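Here is a short report on one protein chain. Look at the sequence and the 3D structure first, then read on.

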Amino acid sequence: MRLRNIPGAREVMVENENVFTEPKGMKGTWHEVFGNDNPIYIEVGMGKGQFISTLAANNPQINYVGIEKYSSVLLRAVEKQEELQLPNLKFIRMDAEEICEVFAEGEVDRIYLNFSDPWPKDRHAKRRLTSRQFFARYNIILKKDGRVEFKTDNKALFDFSVEEVKEAGWNLDACTYDLHNDNVLNEGNVMTEYEERFSKAGNPICKLIATRSI
Ligand code: SAM
């Protein structure tokens with residue numbers, strides 16, 4: 001994601017009712033935040049929020065939380081939510097490394113990872129959102145029958161992620177190297193900003209679904 005500092009973005013985040021910028025106190029309270037017991041789906045590294053906003057609009061019976069590290073990127077999602085006013089969509093500005101301080105054990109029903117940063121250097125592998133270190137965090141916050149869904153056009157990152165799913169002791173429930181030509185996995189697919197951009201450029205999109213044995 002190319003980053004441009006947008007003056008005032010941080011201040012907008014702090015004042016906006018749909019964004020949590022000090023989320024550590026929220027652990028275990030997300031159902032209260034939404035005022036219902038509906039499932040909670042999160043997207044980690046959501047960028048400008050096209051994917052999660054579309055899902056929230058299409059599925060009012062599910063609560064969505066979008067997580068993004070940078071205010072300047074998150075700003076676009078927040079502006080869109082100002083227009084849409086979806087009651088089932090909230091945002092957190094945070095580094096996902098702290099995710100276990102923000103969600104309680106089993107509080108999350110599904111985790112989406114879309115076009116996550118590849119961190120190509122080996123010494124940065126643990127920063128990848130599909131590293132075994134991140135799966136260990138997801139293992140805590142995700143309900144036992146929950147799932148992680150990951151999409152990317154980066155084959156090296158995808159191959160790494162497939163291995164990490166296994167290393168982490170999770171099951172690879174589904175896996176494709178060409179999502180848009182997979183009739184089963186592509187059904188109901190909602191495209192992210194990066195997915196639109198890279199598939200237009202001719203790149204096949206990879207997707208995996210990881211779960212644990214219950
Ligand atoms: N998911 C969007 C999509 O598919 O269009 C955006 C993809 S963009 C390449 C990756 C996003 O993840 C960036 O906005 C980046 O700031 C965010 N990100 C990367 N690492 C993160 C982390 N540790 N915590 C929170 N956000 C992160």
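## Overall build

The chain holds seven helices and eight strands. Both are DSSP runs, numbered from the N terminus: helices are H or I with at least four residues, strands are E with at least two. The model is predicted, so local features need pLDDT of at least 70 and side-chain atom pairs count only at pLDDT 80 or more, while totals for chains, interfaces and linings use all residues. Residues are numbered from 1 along each chain as its sequence is written, and side-chain values use heavy atoms, with hydrogens and water left out.

The C-alpha trace spans about 40 × 40 × 35 Å along its principal axes. The radius of gyration, taken over C-alpha atoms, is compared with a globule rule of 2.2 Å times the number of residues to the power 0.38. For 214 residues, a compact globule would come near 17 Å; the chain has 16 Å, which agrees.

## Surface and contacts

Of the 214 residues in the chain, 50% are buried. Buried means under 20% relative accessible area, exposed means over 50%, and partly exposed lies in between (1.4 Å probe, protein chains only). The accessible surface comes to about 10,700 Å², and carbon and sulfur atoms own 46% of that. The areas come from the Shrake-Rupley method with a 1.4 Å probe; for residues, only the protein chains shown count as cover.

A contact means heavy atoms within 4.5 Å. Among contacts with a separation of 6 or more, 75% are between residues 24 or more positions apart.

## Helix 4

Helix 4 covers residues 71–84, which is 14 residues. From its first C-alpha to its last it reaches 19 Å, close to the 20 Å expected at 1.5 Å a residue. That expected span is 1.5 Å times one less than the number of residues.

Which residues of helix 4 are buried? They are Ser71, Ser72, Val73, Leu74, Leu75, Ala77, Val78 and Gln81. These buried residues pack against helix 1 (9–15), strand 1 (19–20), strand 3 (63–68) and strand 4 (89–93). Just after helix 4, Gln85 takes a positive phi of about 50 degrees.

## Salt bridges

A search of the whole structure finds 12 salt bridges. Each is a side-chain nitrogen of Lys or Arg within 4 Å of a carboxyl oxygen of Asp or Glu. One of them joins Glu101 and Lys24 at 3.2 Å, N to O. Glu101 sits in the loop between strand 4 and strand 5 (108–114), and Lys24 in the loop between strand 1 and helix 2 (30–34), 77 residues apart. Glu101 is partly exposed at 37%, and Lys24 is partly exposed at 43%.

Arg110 and Glu149 form another salt bridge, with the closest N and O atoms 3.7 Å apart. Arg110 lies in strand 5 and Glu149 in strand 6 (residues 142–152), so the pair ties together parts 39 residues apart in sequence. Both Arg110 and Glu149 are buried. Glu167 in helix 6 (residues 155–167) and Arg132 in helix 5 (residues 132–141) are 35 residues apart; their side chains meet at 3.8 Å, N to O. Glu167 counts as exposed at 54%, whereas Arg132 is partly exposed at 39%. Salt bridges that share partners join Arg110, Arg147, Glu149 and Lys207 into one network.

## Cysteines

A disulfide is a covalent bond between the sulfur atoms of two cysteines. Here the cut-off is a pair of cysteine sulfur atoms within 2.5 Å. By this rule the count is zero. Cys206 is in no disulfide: the nearest cysteine sulfur, that of Cys175, is 7.8 Å away. Cys206 is buried, at 4% relative accessible area.
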